[in-house]
Amino acid sequence: MSGMKRKRNVLNFKQKLEILQKLDKGEPASTDAEDVLNEENTISHSAALQSVETLLDYMGQRGFDYDDITAVRKICVDIRREMNKQQKQRRITNFLSSKC
């Protein structure tokens, strides 16, 4: 891990200009900058789920409190629920686009 370089996220000129224009108008722009920078840092639901399940395994091996493990399990349920919701939306979209 020490040999890996971390990719820096930098706004391009157009993104900076749009944010500066919003600031000039008195509009908040901090969330816009964060959104642009975070677009490339999104993690897939399956990768998040795998990470949380790995954490659960670790917590079980190390004897964490039941309440802590329950909280992490709830995160797994939330991730699966979001995955299913997005999958259902994709199926509906695909079904509707194939019928037209």
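Colleague: What pLDDT does the protein chain average, and what share of the residues scores at least 70?

Modeller: This is a predicted model, and its protein chain averages a pLDDT of 76, with 71% of the residues scoring at least 70.

Colleague: What makes up the secondary structure of the protein chain?

Modeller: The protein chain holds four helices and zero strands. Read from the N terminus, the order is therefore α-α-α-α.

Colleague: How do you know that the span of helix α3 agrees with its number of residues?

Modeller: Helix α3 covers residues 45-62, which is 18 residues.

Colleague: Which residues of α3 are called buried, and why are they placed on the same side?

Modeller: Buried means under 20% relative accessible area, and in α3 the buried residues are Ala48, Leu49, Val52, Leu56 and Met59. They are on the same side of α3 because they cover an arc of only 100° around the axis.

Colleague: Which residues lie exposed on the other side of α3?

Modeller: Exposed requires over 50% relative accessible area; on the other side of α3, Gln50, Asp57, Gln61 and Arg62 are exposed. Just after α3, glycine 63 adopts a positive phi of about 75°.

Colleague: What percentage of the protein chain counts as buried?

Modeller: Of its 100 residues, 13% count as buried. The accessible surface comes to about 8900 Å², and 53% of that belongs to carbon and sulfur atoms.

Conventions
Residues are numbered from 1 along each chain as its sequence is written. This is a predicted model: local features need pLDDT of at least 70, side-chain atom pairs count only at pLDDT 80 or more; totals for chains, interfaces and linings use all residues. Side-chain values use heavy atoms; hydrogens and water are left out. Helices (H or I, at least four residues) and strands (E, at least two) are DSSP runs, numbered from the N terminus. The expected span of a helix is 1.5 Å times one less than its number of residues. Buried means under 20% relative accessible area, exposed over 50%, partly exposed in between (1.4 Å probe, protein chains only). The arc is that of the directions from the helix axis to the C-beta atoms. pLDDT is the predictor's confidence in each residue, from 0 to 100. Accessible areas come from the Shrake-Rupley method with a 1.4 Å probe; for residues, only the protein chains shown count as cover.
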